Amino acid sequence: MSSWILTLLIFSPLAGALLLLLPRRGEDLLLAKAALVSGFVTFALSLVALVLFFGAGGGAGSSAYVLNAHVPWVSDNGANIGYRVGVDGISIWLLLLTTFLTPLAIWSSFTSIRTRIREYYILLLLLEVGMLGVFCAKDLLLFYVSFEFTLVPLYFLIGIWGGPERRRAANKFFIYTLAGSVLTFAGVVYLAFTAYSATGSLTLEIDELVRLGQSGAIGSSAQWWLFLAFAAGFAIKVPLFPVHTWLPLAHTEAPTAASVMLAGVLLKLGTYGFCRLSIPILPEASFALAPVVAVLSIIGIMYAALAAWVQTDIKKLVAYSSVSHLGFCMLGLFSLKLAGVSGAVLYMVNHGLSTGALFLIVGFIYERYHTRDINAFGGLARKMPWMATFLVFFTLSSIGLPGLNGFVSEFLVLLGTATSAGTTDGIAAGPLGYGYVIPAAMGIILGAVYMLWMCRCVLFGPLKEPPNTPDTSTGLTQDLTRRELAILAPIALVCIWLGVYPKPLLNTIEPAIVQNILCATDRPVHAFEGNGRANQLVTTPVAPAGHVARAGMLATVPSNVKPAGTSADSRPVDPEPRASARAVFPISTEPRASARAMPQRSILLHKFHDYPSRRIQPARTRDRGPRSRPSVTSRGLKPAARRRITVARYTRQGSSDALDQRNVFPNTNEPLHSTEANADAR
Amino acid sequence: MSVETLKLCGILILLAPLIGAILAGALGRPVLRGNTHWIVIAGVAVAFALSVVVFGVVRGAADGAHAVQIPLYDWFTSGSGWFKVEFLIDPLTSIMLLTVTGVSLLVIIYSRDYMREHDKPVRGYERFFAFLGLFVFSMCALVLGGNFLLLYLGWEAVGLCSYLLIGFYYDRPSAAAAAKKAFLVNRVGDFGFGLGILLIYLTFGTLEYQAVFDMVQGGVLASGEPIATGRITTIALLLLCGACGKSAQLPLHVWLPDAMEGPSPVSALIHAATMVTAGVYMVARCGAIFTASPIAMTVVAVIGACTALFAATIALTQTDLKRILAYSTISQLGYMFLGLGVYAADSAVFHLFTHAFFKALLFLCAGSVMHAMGGIIDARYFGGLRKLLPWTFRFFVIGSLALAGFPFLSGFFSKDEIIHHAFEAHWLFGLVGLATAVLTAFYTARMVCLAFFGPERVPEGVHAHESGKWMLAPLGVLSIGAIFAGYLGVEMFGQGFHNFLGPVFHDTFGVHYSVVSAPGAAHAVAAAAHTGFLANYGLMILSGGLAIVAIAAAYFMYVLQPWIPGTIASAVPRLHRLFSNKYYIDEAYDAAVVRPLRMTGRVSVGLDNYFLDGLVWLATAIPRGLAFVLRGLQGGLIQGYAVSMIIGIIILALVVFFAER
């Protein structure tokens, strides 16, 4: 099924940028308004996309990519690289975040940008194109191209419209991040090569790569190298602790709108990369390196919080707070638990909103006072009550006050990290544990310390203003103007909504994580749709079936199995009794890799695929009547039964798909869907 | 119990103040201005009326169905975890609701006049009422919440309101600093509290009160595994950490005295009657968890006893009326914790209930004094006000006597019960309780003497005047409560309070109670029927007598012979300095926590700028150095290129030559 909406969405800012070339010189206001309209049109399109997303079944329950479109780029000689776009429950929200923040960022620049207006807005719109490209990409090449493309507009935005040290900041930002992403590119190439040698087809489709990674075809050492290569680019973008030093400078020097986009969306490209690529494609390395990443994240949380506390530049303070917050995000991701990862994804959205708003407010202050020195201010609440209200509001949102957006994601991240240890039965041990929560939670205290300290210095106490009192020459009023209020108010409303009722987001995020990120295909059918006990009880009988199928598949395939040929030069079918199972189970065309990968894999999958048992649990705790639990698990079945299920699955699947190159990997979704269908019928 | 009624009431109790607050915030400045209080008063009055309804429903319910869990909607889900918005309504909830909404209503009515100067609303009048409404909402959410996550939500939200209201006069640096301090110290407590909640989830797989408590009491998890006592103790201590922050217990009490920078009604409502008792409420609510761990119970009792005594000693030397009251609040909260720790949860909640009346009364009276003195509350600057402020004086004396444990006022009964149970647990606890009672009586009387007795003094340029009826009426109501609230728990009068609360604590704290079989036919079964008259009443007589003696001593020292206090202070200068400087705890925290952390922050920035960036620079130095070397080859001199060409040709020739061979 092909859909036009995402393509339209991605390129509509580009069209806007081209339109901006039309007006004559000097029509500044028209230019700005045209850019704003373009931004809003894109936002409207993204809302359409959201509606279509839900219409296409992307809402509760389903996890597949929807609104797909595919235009091949390179398709000869077995290559399969193309312009592939699509969204799932994770990317749709990041998409909306981008299209939501961009027009607001454009709007905030109306008074602050006075030179080269045309170029400025064109670059902002181009930046949006890049970001949307990343979030829509289903092909690794498109992902990478968009990922890198964002650097260019931002480089110019900082370098031309930035503060006094803009050139140094722009150069540092560009080279720093480029150096990292070059390594990422090396990783992309290597991954493509690995995929090619494993399947005989040169594919960069993320879905395929995920399937490849999950099937264990990528060897252990290859995974490690790939992980490090990807991390080089993504960690710098996030930024993770030791490689964050470009961020404070870039933020301080960037114009307000660029800061908003940088903190609001661009940093998320890094976490999104980890989430979309590293974790699902490289499960083994992610699992093994998760403690390292977590420790770095925690160091970053504390370190950046303390560093923020001693800043005298408000913007730098907020920049450091970003580093600290993104540490939480990374911690949640690498808990490799549903709660943690969904918390992290929600964190991306929430951080984008609240930190974006904070940067906007700092920009508003700067426009009036031409300084951001904390010591230059005092008691601004008296002169700017609206500004004070919003600053306090977003501060509270940023420090995770329950009822506002930050809390839910923070809580889920900590919950995921804590439960990652999995001391309760039925949950296999994850990479992290309760011990990681304690320092992270201390980071929450520090988060309140520096933000409230800043509020107190700037807003409260006796009135203190820099000598050249508020500059109202550009038509600004002393307190926020209506335009500025109109920029902040929607963000505040969304913050409240996400704090009080985040379920719509989580409902779509969770299935997508389960299937596309953590790749557990064996989840109970209705668990995400229902609300309340009843549904859970209904689903429990269904749940183990999927689990059995999946786990059975893994258990029956011997680790030393020789892979059957799947491409043109297929080898003769092994005349062993279990041949039917193996013939269509093409783990890898490289015996060495598969032999090495399999044993670890079985452990790993056991760790990754604990969802069904976890999901069943609360049902047990909730119906406090007879404390029974469903007794059928993969381990509980007799081997023969296990095998029977597996064999049945592969023969059925193999018969139809054996010749199709793109389906050489068992489409693990398929049997599940049939189970779902059965459950629905019931 | 009719669940639907309760559900509706619960929702409206939350919504009414919230809507009031939102309207006050939105319409206050442009439309309502000086009338903003009406909308909030209306909202809180509705909440109070409904709280009465809830109380009626809960009281009318058959015994055994004393707690109902009412789910509303799913807040968020996380895989297997469901985090709901739900209520838990039981006698404890309904008592807390009554206290919170009742006192709030009175305080908000009082604020109508208090927040005016010369009959004109002060700056931020609308803001003040909006925040108060928000507070009532948050506190009700805290009390009504049916799981730990909602408890946490209410917990943080009341903290926020406290922050906003302490900093109400934000252009005063001290108020801004106090607000921040309050929030941060609470955050430290909440750190433990949050960890505790996570650990509960980790252990039990749910955050619902009933489910968790059932498992704790059953001693086994849902999976059938026994629960480790160590785990329970850890959870209890982590939760206690949060309670210490919110209820200003040692060592996290430092924020409460500073919080007196807020307007007096705020001090009365938030920092005396309601919010600070959230910790007590939480421990009482989580009785199943705490009582499952004897260690945790001992810690609760020890913290309570230490705090009670410690804060009372500081209160001896303070001169700021509101600060004396603040330390007294800390001390009384200590009593409540002591009560909880010695398994007398009903007495603790009873004390919470009576304390809400007399402490709110005292703070509001102090506010009335402050109002009359033009914003000055330090008793060194005024004195002998009994003629100038006759009504305030009367109410203040009533409140003081109740606080001091003067016989037959409310504080006397509730405090005595706790001391009684403390003696039953361990004589040391009882002794500390008794000593604190003496100190309490003394400093309370001292406070009254300093402010209202002796020669009449007022600050210069202040025209002292008695407050208007808007302020005096709530004082009257509260003073009635301060006198008579205690009789609800007296054996002679049926001990209605304890019997009502009993079912909540029976299974956990082992509280005895008698079933009220039919209305009006309450048989009182003595809570401690096995003890004799002397054990029951001897202590009562002793503590009452001690209170009277202490009051008389204070009157003698501060009114009749005012030279004595100074002499004592100079006789033991070190002790006096230690008390009046609050044991130097603020300074210690500053030196031990704040400064090192800021230092670390500076070091972090230094590391960033020099070390980490230096490494980056080093990394860039490699290509730079390479370029430096290679640049020499590209100097642009023809001769250089010629030489290198020749060398290259020679090398190639050699390679070809040798390769051929």
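## Basis of the description

In this predicted model, local features need pLDDT of at least 70 and side-chain atom pairs count only at pLDDT 80 or more, while totals for chains, interfaces and linings use all residues. Residues are numbered from 1 along each chain as its sequence is written, chains are lettered from A and ligands numbered from 1 in the order in which they are written, and side-chain values use heavy atoms, with hydrogens and water left out.

## Chain A overall

Chain A contains 27 helices and 3 strands; these are DSSP runs numbered from the N terminus, helices being H or I of at least four residues and strands E of at least two. Of its 682 residues, 67% count as buried (under 20% relative accessible area, with exposed over 50% and partly exposed in between; 1.4 Å probe, protein chains only).

Among contacts in chain A (heavy atoms within 4.5 Å) between residues at least 6 apart in sequence, 80% join residues at least 24 apart.

## The sheet of chain A

The strands of chain A form an open sheet of 3 in the order S1-S2-S3, with mixed pairing; two strands pair if DSSP finds at least two bridges between them. Strands S1 (66-74) and S3 (202-203) of chain A each have a single partner strand, so one side of each is left without a neighbour in the sheet. S1(A) and S2(A) pair in the antiparallel sense over 6 bridges, with Val66(A) opposite Val87(A). Strand S2 (residues 79-87) of chain A runs parallel to S3(A), joined to that strand by 2 bridges. Here Ala79(A) stands opposite Leu202(A), and Asn80(A) has Thr203(A) as its bridge partner.

In S2(A), 9 of 9 residues are buried. Ala79(A), Ile81(A), Tyr83(A), Val85(A) and Val87(A) point one way, whereas Asn80(A), Gly82(A), Arg84(A) and Gly86(A) point the other way. From this second group, Arg84(A) forms a salt bridge with Glu205(A) (3.5 Å, N to O); the term denotes a side-chain nitrogen of Lys or Arg within 4 Å of a carboxyl oxygen of Asp or Glu. Glu205(A) lies in the loop between S3 and helix H8 (206-215) of chain A, so the pair ties together parts that are 121 residues apart in sequence. Both partners are buried, Arg84(A) at 3% relative accessibility and Glu205(A) at 4%.

## The interface of chains A and B

The two chains bury about 6200 Å² between them, 65% of it on carbon and sulfur atoms; buried area is the accessible area (1.4 Å probe) that two parts lose on being put together, summed over both. Chain A contributes 75 residues to the contact and chain B 63 residues.

Across this interface there are 2 salt bridges. Asp171(B) forms a salt bridge with Arg382(A), with the closest N and O atoms 2.7 Å apart.

## Salt bridges within chain B

Asp90(B) and Arg285(B) form a salt bridge with their closest N and O atoms 2.7 Å apart. Asp90(B) is in the loop between strand S2 (81-89) and helix H3 (91-114) of chain B, and Arg285(B) is in helix H11 (residues 278-285) of chain B, 195 residues apart. Asp90(B) is buried at 2% relative accessibility, and Arg285(B) is buried with a relative accessible area of 6%.

Lys181(B) forms a salt bridge with Asp258(B), the closest N and O atoms being 2.9 Å apart. Shared partners join Lys181(B), Asp258(B), Arg323(B) and Asp586(B) into one network of salt bridges.
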